Every structure is written in C-alpha cells, then in structure tokens.
Amino acid sequence: MTTNGGFEPVFCTIVPPHVLDQLARHDDPALSGPARRSLEHDAYQRTKRRLTTVIGAAAVAPPQGAAADRPQRTIYDAEHTQDLPGTKVREEGSEPGSDASVNRAYAGLGATFDLYLKVYGRHSIDGNGLPLDATVHFGEGYDNAFWNGEQMVFGDGDNEVFLDFTIPVDVIGHELTHGVTQHTANLDYHGQSGALNESLSDVFGSLIKQYTLGQTAAEADWLIGAGLLAPRVTGTALRSMKAPGTAYDDDVLGKDPQPARMEDYVRTSRDNGGVHINSGIPNHAFYLTATALGGHSWEKAGQVWYDVLTGGDLKEDAQFTDFATLTVKAARERYGAGDELRAVQKAWEQVGVRTL
C-alpha cells in the first residue's frame with residue numbers, strides 16, 4: 001500500500017528516452033545499435049511493468065528473523081540476457097568477488113539503505129525492511145539502469161557513450177528512491193508530478209553520494225551520473241542540479257535541455273511530458289536551499305524534502321507549486337521561522353515557482 005492508495009505502474013530509467021532517441025538516429029551503428037536495442041528493452045519492460053500492476057504481484061516480505069536495521073541484499077547476474085532476475089551471485093554478508101559490477105551494486109544498495117535508515121529512520125525503501133534485489137549485466141550493451149517496481153537492473157553500457165551503470169552510486173540511489181516514492185507519495189509519472197518524481201530521485205541520489213563521501217553542500221559536485229559518460233562524450237554527467245542545462249553539450253548527445261527556472265519550462269508530449277527535463281527546476285530549488293543552509297545537505301534541506309515526500313499531504317498529481325508550498329510548511333513546522341524557512345522560500349522564488 002501507499003499513503004495515497006495503490007501503486008502507480010511506473011517504469012523508471014536513469015537515461016531519459018530523448019537521449020536514447022537522439023543516439024538511435026545516429027549514422028554510426030556502434031552508437032545507434034545499442035540505443036535502439038535499449039529502447040526496445042525499455043518498451044518491453046515498461047509493458048511488463050504495466051501488466052504486473054494490473055495482474056498483481058506477490059508481496060515480498062523480509063526474510064524470517066531479518067534485522068530491521070540491516071539491509072537484505074541479493075545480487076543477480078543476467079549474463080547479458082533480458083531474463084530477470086538471473087543467476088544469484090552474491091547475497092547479504094558474503095565477501096566481494098571478482099566482478100566489479102556485482103560489488104558496486106551491492107555497495108550501492110547498502111549506501112542507499114544506510115542513508116534512509118541512519119538519517120531518516122526509514123527501514124529500507126518501503127519502510128518495512130523490504131529486501132533489496134539487483135541484477136547486473138542486463139542485455140547486450142544495454143544503455144540504462146532502471147527500477148521496475150520490484151528490483152534494480154543495471155546495463156553494462158555500450159562503452160561508446162555510456163559506461164557501466166553501477167559506477168555512479170547516485171544512479172543506484174536515484175533508482176531506489178523511485179521505490180521510496182512508489183511506497184509513499186506515489187506521484188503520477190507525467191507532467192509536473194512526474195518531474196517531481198524524477199527530481200526527488202535526483203535529490204536523494206545526490207544525498208546518498210554526499211553521505212557516502214562525507215561531503216558538505218559546498219564540497220558536493222551536484223551532478224547526477226558523473227563517471228557514467230564515456231571519454232568520447234563532451235560532458236560531465238546526465239544532469240546538473242547546480243546548473244541545469246550544462247551537464248553535456250555533445251555532437252552526438254546534443255545539449256542538455258534541462259531548465260533551471262519556470263520561465264524556461266519545456267512543454268512537450270515526449271518523455272511523459274518532459275519528466276526528465278523539467279525536473280531541473282525543483283532540482284535547482286533543492287540545490288539553492290542546501291547551499292544556502294550549508295553543512296551537510298541531508299541534515300536540514302534533505303529532512304524538509306523527506307518530510308514532504310513521506311508526510312501524507314503530497315498528492316499523486318501534485319504540481320510544482322503544491323510541492324513548494326508543502327516544503328515551506330514542513331520547514332516552518334520543523335525549524336520555525338528561521339534560516340531554514342527563509343532558505344526554502346528564497347529558493348523557490350529564485351526558480352520562479354510560487355508558494356501559497
């Protein structure tokens with residue numbers, strides 16, 4: 001169950017469809033081939049996710065006697081097929097092996113579990129100790145990673161544009177946070193509510209990276225997917241929360257289309273109404289809030305955002321103004337009329353989003 005009753009049949013990927021569409025049209029088959037196969041994989045998984053939601057999936061319970069304050073991780077290897085979950089290759093408590101993708105996935109699941117438990121008191125992504133499963137080596141040169149409503153899945157990338165998707169820990173945190181949203185606010189995955197869904201995953205993905213590295217807001221790079229782009233690509237990451245629209249400017253990928261302000265909001269029918277594009281606006285609001293407050297971003301700015309995500313007042317079809325208003329309310333309730341409230345109010349004002 002979710003706070004709003006039921007699950008949204010969402011299939012969430014880290015690489016936006018518009019990026020893969022751009023690659024799929026390239027003349028070089030080394031670039032277009034993997035992108036086209038990745039789009040086909042995504043279409044299949046998206047349909048499968050919808051069918052699973054309609055038919056109903058069996059509930060997954062924590063293992064008998066599992067400690068609520070420890071993750072229960074299982075990593076599988078798809079061995080370059082599309083069969084999920086694949087062959088079990090590592091489980092909770094076992095030692096690292098020789099496969100770096102397996103080890104990174106295991107560590108990333110743990111890092112995500114740690115932030116939610118140690119900072120926000122949340123027991124796994126559903127709040128009730130849900131086991132964390134992940135599959136690596138999915139497909140042939142698969143250019144994406146996704147949360148399918150039940151588990152994480154990572155491609156190896158094509159090594160032309162994208163590298164192994166287990167490399168950036170914020171990618172892992174981003175996708176697992178879609179699971180947190182699924183079990184809490186259950187935001188609709190289109191338009192502004194979908195952009196909020198994506199933004200929340202970017203926010204907590206970035207916080208997981210910052211928490212793992214022990215970084216302050218000033219020390220963080222505020223990039224989503226740094227280390228994921230291959231050397232041939234002119235860019236630093238998939239998205240920038242500090243400066244939306246500057247993550248890449250490449251002859252193959254094109255230019256990062258994210259806006260930072262409402263006046264530049266992109267109206268499109270693609271990508272569920274631009275959920276990966278317009279997420280730049282609430283992303284930037286969080287960056288402005290966190291850097292204005294300083295210190296560790298997960299402590300105050302992150303707490304306010306988490307309070308809104310899990311508080312029960314965020315509606316499935318929430319718009320930017322609704323979310324912004326709730327962050328102001330949450331900041332006032334938790335911290336009073338001080339620096340925290342002023343930082344939140346000013347951030348939304350700077351990105352051009354009204355608060356009521």
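Helices here are DSSP runs of H or I with at least four residues, strands are runs of E with at least two, and both are numbered from the N terminus. The model is predicted: local features need pLDDT of at least 70, side-chain atom pairs count only at pLDDT 80 or more, and totals for chains, interfaces and linings use all residues. Residues are numbered from 1 along each chain as its sequence is written, and side-chain values use heavy atoms, with hydrogens and water left out.

**The two annotated regions**

Select residues 185-353, which UniProt lists in an unreviewed entry as "domain: Peptidase M4 C-terminal". UniProt positions are in the numbering used here, feature names are shortened, and annotations may be inferred rather than shown by experiment. This stretch is 47% helix and 5% strand, with its end C-alpha atoms 20 Å apart.

Next select residues 73-182, given by UniProt as "domain: Peptidase M4", also from an unreviewed entry. Here the chain is 32% helix and 19% strand, and the end C-alpha atoms lie 19 Å apart.

**The sheet**

Colour the 6 strands of the open, mixed sheet, in the order β1-β5-β6-β4-β2-β3. Because β1 (12-13) and β3 (87-91) are at the edges with a single partner strand each, one side of each has no neighbour in the sheet. Two strands count as paired if DSSP finds at least two bridges between them. Zoom in on β5 (residues 145-147) and β6 (residues 152-154), an antiparallel pair with 3 bridges. Trp 147 has Met 152 in β6 as its bridge partner.

**Helices across the sheet**

Show α3 (residues 100-120), which lies across β2 (73-77), β3, β4 (132-136) and β6 and runs at about 150 degrees to β2. Then show α4 (residues 169-182), lying across β1, β5 and β6 at about 20 degrees to β5. Axes are lines fitted to C-alpha atoms, for helices over the stretch in contact (heavy atoms within 4.5 Å); angles run from 0 to 180 degrees between N-to-C directions.

**The cores**

A nonpolar core is a set of buried Ala, Val, Leu, Ile, Met, Phe, Trp, Tyr and Cys residues joined through side-chain atoms within 4.5 Å. Buried means under 20% relative accessible area, exposed over 50%, partly exposed in between (1.4 Å probe, protein chains only). The largest core has 86 residues; Phe 154, Phe 162, Phe 204, Phe 286, Trp 305 and Trp 348 have the most contacts inside it. Its largest share, 10 residues, comes from α3. A second, separate core of 6 residues includes Phe 11, Ala 78, Phe 146 and Val 153.

**Last stop**

Select His 183, in the loop between α4 and α5 (191-213). His 183 counts as buried because its relative accessibility is 16%.
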